[in-house]
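Q: I'm new to this one. Can we go through it piece by piece?

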Amino acid sequence: MFLAGVAQSSHAVSFALDSIAEWGKFPRFCVGVYRWGDKFFNTYDSAYVKGTGYKFNVKITTDSWFDFYNFMLPERTVMHMRSDPSTSIGAHLTYMAVSVGYDINFSRLFGGSHQARSRYNFGFNCSLFAAEFNYVSNDVGTRITSFGTDGKSISMKLPFDGINVSSWNLDTYYFFNHKKYSQAAAFGYSKLQQKSQGSPYAGISIYTQHFDFDFSGLPREMLDRLPSSWQNYQYNVKTHNFAFRLGYGYNWVLGKHWTIGVSESPVLGLKKGFINSSEEHLSFSLYNRLNASVVWNSGPWFAGMTGKCDVGLIYDKEHTFTNAFITGQASVGYRFNLW
């Protein structure tokens, strides 16, 4: 009897960088460019910042936000407004430095506004710099919370539906202490801050503002105190803003699992557009962005809470208008690798 043994082998497709480099000259070139870019854009002092060991993460987030609108009018008249709370739930997928997500409004299911409100965001973050794009619109119910002479205004909860506002912003900024400070550790869940450290940063911000307020439905005694130049009791703003963003971020590391982050940045520049007028004007623009976070990490799991407050200023000879967009977010997620 003759017995013959046959050795068999099989090969699985691998997406590891070394395996991709073996596919040929062009794949090897792409891997080389990727490794160079990763080293150049994403190098840290390992005593202060380290990677999570995972390229991907997926997280579920819930957001609640308010808009505040404050008018200072002639004869020291003030009017304060606040939007109804809007709550959304969203899913976000991050691959290394790139994050995309989508949020939908579900507060109307619990007695909130029947009108939908969505936010869109895109973020890129590496050791050297960060880039962000955000869009938000607000046509949900709003309330006038106080009206009258400054210091003697009357508190109220007057429903106000004559509102339609939207804005978008594109920000890019560079971290000067990028070897030891990671914004992604506090707000992106993609790095781990090992020791407390901070960094100044600077960049460019481009943003638009679109505000439409129709006050014609207010009681006569309130209409009589609005500026006479507001035709048909309308307040309309549409501006394009070009500005410098200057700021500072700091991460506190508390024990093995916890990090607290704070980032503050005034945004100073010029605005061009229409401010309750049919004539286009060029003027000074002022905005401020404040972020804070608390992050917990344990292996592939992470969770965190972040707060964001954006405040803008619009003014002319007859009025001063400040608007604030305040967001609170809670997240829980899981990191993983596909290759």
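Q: What does Phe71 touch, leaving out residues up to four places away in sequence?
A: Phe71 touches Thr77, Val78, Met79, Met81, Phe213, Phe215, Trp230, Tyr235, His319, Thr320 and Phe321. Contact means heavy atoms within 4.5 Å.

Q: Before we go on, what sort of model is this?
A: This is a predicted model, where local features need pLDDT of at least 70 and side-chain atom pairs count only at pLDDT 80 or more, while totals for chains, interfaces and linings use all residues. Residues are numbered from 1 along each chain as its sequence is written, and side-chain values use heavy atoms, with hydrogens and water left out.

Q: OK. How many helices and strands does the protein chain have?
A: The protein chain has four helices and 17 strands. Both are DSSP runs numbered from the N terminus: helices are H or I, at least four residues, and strands are E, at least two.

Q: How much of the chain is buried?
A: Of its 339 residues, 42% count as buried. Buried means under 20% relative accessible area, exposed means over 50%, and partly exposed is in between (1.4 Å probe, protein chains only).

Q: And which residues touch the most other members in the largest nonpolar core?
A: Phe71, Met81, Phe213, Phe215 and Tyr235 do, in a core of 23 residues. A nonpolar core is a set of buried Ala, Val, Leu, Ile, Met, Phe, Trp, Tyr and Cys residues joined through side-chain atoms within 4.5 Å.

Q: Which elements give two or more residues to this core?
A: They are β2 (56-73), β3 (77-83), β8 (142-149), β10 (163-175), β12 (197-214), α4 (220-223) and β13 (234-254). The most comes from β2, with three residues. Another core, of five residues, lies apart from it and includes Ala130, Tyr173, Tyr181 and Tyr201.

Q: Why would such side chains be together at all?
A: In soluble globular proteins, nonpolar side chains tend to be buried together.

Q: Switching topic: how many cavities of 30 Å³ or more are there?
A: The structure holds three. On a 1 Å grid over the protein atoms alone, a cavity is a set of points where a 1.4 Å probe fits but cannot get out; lining residues have an atom within 4 Å of a point.

Q: How much space lies in the second largest cavity?
A: About 360 Å³. Here grid points are joined across faces, edges and corners, and a volume is the space filled by probe spheres set on the points.

Q: What lines the second largest cavity?
A: There are 29 lining residues, with Val136, Ser167, Tyr287, Asp310 and Phe325 nearest its centre. The lining divides into 12 nonpolar, 11 polar and six charged residues. Ala, Val, Leu, Ile, Met, Phe, Trp, Tyr, Cys and Pro count as nonpolar, Asp, Glu, Lys and Arg as charged, and the others, Gly among them, as polar.

Q: Where is Trp301 found?
A: Trp301 is in strand β16. With a relative accessible area of 46%, Trp301 is partly exposed. Not counting residues up to four places away in sequence, Trp301 touches Trp296, Gly333, Tyr334 and Arg335. The C-alpha atoms of Trp301 and Asn57 are separated by 9.3 Å, although these residues are 244 residues apart along the chain.

Q: What about phi in Glu75?
A: Glu75 has a positive phi of about 60 degrees, although it is not a glycine. Glu75 is in the loop between β2 and β3 and counts as exposed, at 70% relative accessibility.

Q: And where is Tyr233 found?
A: Tyr233 is in the loop between α4 and β13. Its phi is also positive, near 60 degrees. At 27% relative accessibility, Tyr233 counts as partly exposed.

Key:
On a 1 Å grid over the protein atoms alone, a cavity is a set of points where a 1.4 Å probe fits but cannot get out, and a pocket is an open set with protein on both sides within 12 Å along at least five of seven lines; lining residues have an atom within 4 Å of a point.
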